[in-house]
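Please look over the model shown here before reading on. The briefing that follows covers pockets, helices, selected side chains and backbone geometry.

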Amino acid sequence: MELGEIRNAAASAAAEVLEAARLAPGDLFVVGCSSSEVMGEKIGTHTNTDIAGALYEGIMSVLEPAGIRLAAQCCEHLNRALVVEQETADAFRLEEVNAIPQPNHAGGAFATVAYERMAHPVVVEDLGAQASAGMDIGATLIGMHIHPVVVPLRISVDHIGEAPLICARRRPKYVGGARAIYDDSKM
């Protein structure tokens, strides 16, 4: 898959998730990504910042105009910490940690690219399960960052390159039992 195709697939997927999740400006969107998996390789074995850059550009081309905040998940070697803008860390009261993601050591290509391209990046330990939706490109495990209850989204884009794409959104918890009536627009 060429970089342009990767960028377009990422943008299409992000647009579908934003629509399906009914996100609003200021919402938090988490992305976990394995550039190795996009190339058809085992996660963590063929890190590629060019692929990560194309993914970042495609996703941000959708998030920025919508006013949605990105959280870029680091790899397991940084305990899946996340790169966010300082403004996002402040708005969501996230605890900053001292780490700079690196593509081949700890952090991964996507988090490294996010750190390099954000205006005022910081790394936070976790999101406190405050994300409203997200994209998991290559089985990187993002569910712990999304506000419960996490609902999988079936969108038309199910792979980016060779990497499986799993998308999810949150929905409010159901309360009240058998007699309760629920708002269908929030399901």
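## Structural briefing

Val-149 sits in the loop between strand S6 (133-137) and strand S7 (150-153). Helices (H or I, at least four residues) and strands (E, at least two) are DSSP runs, numbered from the N terminus. This is a predicted model, in which local features need pLDDT of at least 70, side-chain atom pairs count only at pLDDT 80 or more, and totals for chains, interfaces and linings use all residues. Residues are numbered from 1 along each chain as its sequence is written, and side-chain values use heavy atoms, with hydrogens and water left out.

**Backbone geometry**

- Most residues other than glycine have a negative phi, and most peptide bonds are trans.
- Pro-148 and Val-149 are joined by a cis peptide bond, with omega about 15°.
- Ala-129 is not a glycine, yet its phi is positive, about 55°. Ala-129 belongs to the loop between strand S5 (121-124) and S6.
- Ala-139 also is not a glycine and has a positive phi, about 60°. Ala-139 is in the loop between S6 and S7.
- Ala-139 counts as exposed because its relative accessibility is 52%. The classes are buried (under 20% relative accessible area), exposed (over 50%) and partly exposed (in between), with a 1.4 Å probe and protein chains only.

**Largest pocket**

- The largest pocket holds about 410 Å³ of space. A pocket is an open set of points on a 1 Å grid over the protein atoms alone, where a 1.4 Å probe fits, with protein on both sides within 12 Å along at least five of seven lines; lining residues have an atom within 4 Å of a point. Grid points are joined across faces, edges and corners, and a volume is the space filled by probe spheres set on the points.
- The largest pocket is lined by 25 residues, and those closest to its centre are Ile-43, Gly-44, Cys-75, His-77 and Gly-108.
- Strand S1 (28-33), helix H2 (35-38) and helix H5 (109-117) are the elements that give two or more residues to this lining. H5 gives the most, with three residues.
- The lining of the largest pocket has nine nonpolar, 14 polar and two charged residues. Nonpolar covers Ala, Val, Leu, Ile, Met, Phe, Trp, Tyr, Cys and Pro; charged covers Asp, Glu, Lys and Arg; the others, Gly among them, are polar.
- His-77 is found in the loop between S2 and strand S3 (82-85). His-77 counts as exposed because its relative accessible area is 56%.

**Second largest pocket**

- The second largest pocket holds about 210 Å³ of space.
- Its lining residues include Tyr-56, Met-60, Arg-69, Thr-88 and Arg-117.
- Helix H3 (49-66), strand S2 (69-73) and helix H4 (86-91) each supply at least two residues of this lining. H3 gives the most, with three.
- The lining of the second largest pocket splits into five nonpolar, one polar and five charged residues.

**Helices**

- H3 has 18 residues and reaches 25 Å from its first C-alpha to its last, close to the 26 Å expected at 1.5 Å a residue. The expected span is 1.5 Å times one less than the number of residues.
- H3 bends by about 35° at Met-60. The bend is the angle between axes fitted to the seven residues ending there and the seven starting there.
- Gly-67 follows H3, and its phi is positive, near 75°.
- H1 (residues 3-21) has 19 residues, which should span 27 Å at 1.5 Å a residue; its end C-alpha atoms are 27 Å apart, which agrees.
- Buried residues of H1 include Ile-6, Ala-10, Val-17 and Leu-18.

- Arg-69 is in strand S2. Arg-69 counts as buried because its relative accessibility is 19%.
- The side chain of Arg-69 makes a polar contact with the side chain of Thr-88 (3.3 Å). A polar contact is a pair of N or O atoms within 3.5 Å; within protein, one must be able to donate a hydrogen and the other to accept it, and residues adjacent in sequence count only if both atoms are side-chain atoms.
- A polar atom of the Arg-69 side chain also lies 3.3 Å from the backbone oxygen of Gly-26.
- Gln-73 is in strand S2 too. Gln-73 counts as buried because its relative accessibility is 4%.
- The Gln-73 side chain reaches the backbone oxygen of Thr-140 at 3.1 Å.
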